[in-house]
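Have the sequence and the 3D view open as you read.

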Amino acid sequence: MEDMSAIVLEQADRLFQQHIDKQILLEADAGHWPGSLWGALDDAGLPLALVPDAKGGGGLASSVAASLIRRSAFHSVPLPLAETIMANALWTDAGGEVIKGAVTLAPVNPLDRITLVAGARGATLHGTARHVPWGKQALHALVFARDASGKAFLCRVPTAKINSTKARRNVACEPREDIDFDGLHLSSNDVSPASSCLAAEGLMPFGAAIRVQQMIGGMERCMDYALAYANERVQFGRPISKFQAVQHMLAIAAGHFAAASAAATRSPRYRCSATMRLPWRSQSPVAARPPDRLPPYAIRCTAPWDLRRSTRCIMPLAGCGHGATNGAPNRGGRKKLAG
Amino acid sequence: MRAFRFESLTLPPEADAMRRKVRVFLEDERANRRYAAHRTSWSTFDPEFSRRAAKAGFIGMTWPRQYGGGEYSNLERFVVAEEMLAAGAPGGAHWIADRQSGPQILKHGSERAKELILPRIASGECYFGIGMSEPDSGSDLAAARTRADRVEDGWVINGAKIWTSNAHRVHYLIVLVRTEPTGQDRHAGLSQFIVDTTSKGIEIRPIMNLSGGHEFNEVFFKDCFVPDDMMIGKPGEGWTRVTGELAFERAGPDRFMSDIRLLVELINKVGHEPNERQAVEIGRLAVHFATLRRMSSSIAGLLEQGGSPVTEAALVKDVGTAFEREVPEIVRKLLPMEASLDDEDEYSQGLAHVLLHAPSFTIRGGTPEILRGMIARSLGLR
């Protein structure tokens with residue numbers, strides 16, 4: 001099993017390296033959808049990593065899928081790959097078939113509520129979801145909604161049907177859309193009762209879980225760059241890695257990285273069904289602690305472009321959707337107090 | 001990148017059984033009001049408690065039975081340590097002996113030292129102090145100038161140690177001394193000795209700490225004789241021995257649970273209806289705590305497999321003691337109250353106790369600067 005995981009991750013690494021270069025990333029920053037990269041990931045079956053074999057997916061263990069998401073962030077994949085992996089896992093777990101193409105998740109803000117009114121031939125959605133990643137570029141959005149009685153549903157929404165009221169980029173230049181679902185009608189095929197694991201907090205823990213993995217992947221890339229740079233950059237006649245002040249900053253960063261990695265691979269917490277376990281945490285120290293503890297000079301002007309980009313990619317993750325910065329610790333705090 | 005891995009550890013059923021056992025013991029202690037958890041911790045010196053803990057089998061747990069031990073696993077010992085810490089148990093009398101001095105003697109001491117000392121530690125009757133820092137060499141241990149000279153059947157020690165916790169009330173110190181002059185290799189020529197604190201030629205002078213308490217001491221050695229069989233290892237092995245001893249010292253749950261009782265008092269005080277800020281900050285502290293626990297237990301697992309995770313231990317101590325220092329700073333902002341050792345309020349008293357001791361958390365057992373140097377070395381920066 002470990003050998004198998006290593007092979008999968010090695011192949012994914014090779015794929016990312018092969019298809020991602022500075023040009024792709026610059027174009028993605030400018031708002032261009034990297035279709036050829038998506039095609040390569042799709043051909044390799046990565047978006048279906050967590051879908052069971054029987055439904056045409058990769059059937060990867062959730063720990064391997066978590067590592068895959070880390071590696072995608074390590075390589076700064078400028079696509080909603082993690083969202084698509086998670087969306088397909090949840091939708092097929094709820095009884096649906098795999099969704100073709102890129103899929104995003106909504107809502108991502110814990111304050112946003114999408115409501116569902118069931119009708120004779122399907123259902124109608126109401127409400128707005130803010131800061132939805134790749135809300136227009138993804139072909140579908142997997143939307144979590146509740147009806148008036150509080151019952152939870154997952155809805156497969158073609159993004160061609162949605163109304164984007166505001167588009168912007170986050171600091172990593174990833175697209176974020178505000179989506180107005182008011183009056184959007186769906187056929188009954190596009191609506192499914194949500195698994196019980198979604199009942200309490202909807203998509204938030206799952207979104208936070210993928211963000212944590214992405215942050216760790218980004219942190220690892222930054223650490224790699226920073227260590228290499230510290231050994232290469234010469235000042236005052238010697239590599240800056242020989243200066244104690246620099247060593248200590250990097251040692252502190254290594255400590256945070258190790259702690260974040262340990263936190264993100266804790267025991268199974270969310271269980272959807274007998275076949276689907278997500279062994280990653282939604283509450284990592286990195287979620288609670290934005291990456292300002294990374295080597296500060298990593299983001300200064302002398303750092304290479306790649307390093308600046310990786311650092312930039314981590315920054316929004318700490319505060320982005322799925323309630324990462326305050327929401328997760330808040331929930332943890334309340335549970336602690338309630339206990 | 002050199003990655004530090006802290007693999008997930010599932011505690012075996014016997015560790016869970018041990019947890020239930022130690023909880024029963026600690027509940028009985030508290031039910032009978034034998035200590036006050038809000039103002040005690042693993043550094044609180046209470047020989048009566050240590051004797052009761054020993055009687056219940058919680059000291060020298062991993063050691064062979066022939067030396068008074070219980071032949072339990074490192075994981076069972078880990079569970080006992082974290083339960084003691086969570087309960088604020090006053091284990092300071094036996095803590096050093098149980099955590100590092102005893103294991104050091106068991107691993108590298110003479111047979112006579114093992115037979116003479118280990119059963120007494122395991123019965124809660126014999127306590128140890130650490131003789132590493134000197135007036136002119138604290139973090140730079142290799143600069144130790146206290147020396148031991150060869151005499152018939154033993155050695156004679158001359159010099160001074162400082163910041164020696166509980167030297168005035170422990171039975172032995174493990175002392176790092178120079179047995180050869182400093183040469184090109186600064187780490188060569190050092191040796192470790194077990195020194196009886198009642199020996200002739202020892203003078204102990206108190207140093208009061210920030211809270212006005214007497215834990216620290218200066219210890220002066222003047223022609224203090226130590227027999228051959230009280231050397232730990234061989235002459236000149238001192239550096240290897242002392243770094244090994246520090247690995248015992250650095251990765252345990254005592255490196256992030258020194259002030260855990262303050263967090264408990266805060267949670268009790270806040271109650272079931274926290275405001276938004278309290279919920280966020282308590283949740284954040286709980287997450288950090290859970291992570292450190294995971295890292296520390298992972299090291300206990302490595303020790304159980306016979307590993308020597310020296311750098312990982314340094315990393316846990318650096319992150320763990322930073323967490324300990326952060327606790328009172330966050331707590332007092334969440335629930336402002338003037339801290340006082342005299343207050344009847346347990347939160348106020350606990351906060352005062354922690355505020356006055358927190359500065360030492362990051363210093364004892366190796367400063368952050370030393371630990372970060374070790375981590376940097378393993379990252380390939382030195």
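## First look at chain A

Keep in mind from the start that this is a predicted model. Chain A is built from ten helices and 14 strands. It has 339 residues, and 53% of them count as buried. If you look at contacts in chain A with a separation of 6 or more, 69% come from residues 24 or more positions apart.

## A 29-residue helix in chain A

Let's start with helix α6 of chain A, which covers residues 204-232. Its 29 residues reach 42 Å from the first C-alpha to the last, close to the 42 Å expected at 1.5 Å a residue. Is this helix enclosed or open? It is largely enclosed by the rest of the structure, because 25 of the 29 residues of α6(A) are buried.

One partner of α6(A) is helix α7 of chain A, residues 244-264; the two pack at an angle of about 155°, with axes 10 Å apart. That angle makes α6(A) roughly antiparallel to α7(A). The crossing of the two is left-handed. On the α6(A) side you'll find V212(A), Q213(A), I216(A), M219(A), E220(A), M223(A), A226(A), L227(A) and A230(A). They meet V246(A), L250(A), A253(A), A254(A), F257(A), A260(A), S261(A) and A264(A) of α7(A). Sorted by class, this contact has 14 nonpolar, two polar and one charged residues.

Now zoom in on V103(A), which sits in strand β1 of chain A. It counts as buried, with 26 C-beta neighbours inside 10 Å. Leaving aside residues up to four places away in sequence, V103(A) touches E83(A), T84(A), A87(A), N88(A), A138(A), H140(A), A141(A) and L142(A). M86(A) is 17 residues from V103(A) in sequence, and their C-alpha atoms are 8.9 Å apart in space.

A106(A) and P107(A) are joined by a cis peptide bond, with omega about 0°. P107(A) belongs to the loop between β1 (103-106) and β2 (115-119) of chain A. Then there is H131(A), a residue other than glycine with a positive phi, near 55°. Look for H131(A) in strand β4 of chain A, residues 128-133. H131(A) is buried, since it has 20 other C-beta atoms within 10 Å and 20 or more is what buried takes.

## A positive phi in chain B

Over in chain B, D223(B) also has a positive phi without being glycine; the value is near 50°. This residue is part of strand β7, residues 214-227 of chain B. Is D223(B) buried or exposed? With 11 C-beta neighbours inside 10 Å, D223(B) counts as exposed.

## Helix α6 of chain B and its surroundings

Chain B has a helix α6 too, spanning residues 238-250.

R99(B), Q100(B), P103(B), Q104(B) and H108(B) make the contact from α4(B), with R241(B), E245(B), F248(B) and E249(B) from α6(B). The class count here is two nonpolar, three polar and four charged residues.

## Helices α9 and α10 of chain B

Finally, look at helix α9 (residues 310-334) and helix α10 (residues 346-361) of chain B, whose axes come within 9 Å and cross at roughly 150°. How do they run relative to each other? α9(B) and α10(B) are roughly antiparallel, and they cross in a left-handed way. From α9(B), the contact uses T321(B), E324(B), R325(B), P328(B), V331(B) and R332(B). From α10(B) come L351(B), V354(B), L355(B), A358(B) and F361(B). That gives seven nonpolar, one polar and three charged residues in the contact of α9(B) with α10(B).

Definitions and conventions. Residues numbered from 1 in each chain as written. Chains lettered and ligands numbered in written order. Predicted model: local features only at pLDDT ≥ 70, side-chain atom pairs only at ≥ 80, totals over all residues. Helix = DSSP H or I, 4+ residues; strand = E, 2+ residues; numbered from the N terminus. Buried ≥ 20, exposed ≤ 12 C-beta atoms within 10 Å, placed from the backbone. Contact = placed C-beta atoms within 7 Å. Axes fitted to C-alpha atoms, helices over the stretch in contact; angles between N-to-C directions. Parallel < 35°, antiparallel > 145°, perpendicular 65-115°, else oblique. Left-handed = near helix turned anticlockwise from the far one by under 90°. Nonpolar A, V, L, I, M, F, W, Y, C, P; charged D, E, K, R; others polar. Expected span 1.5 Å × (residues − 1).
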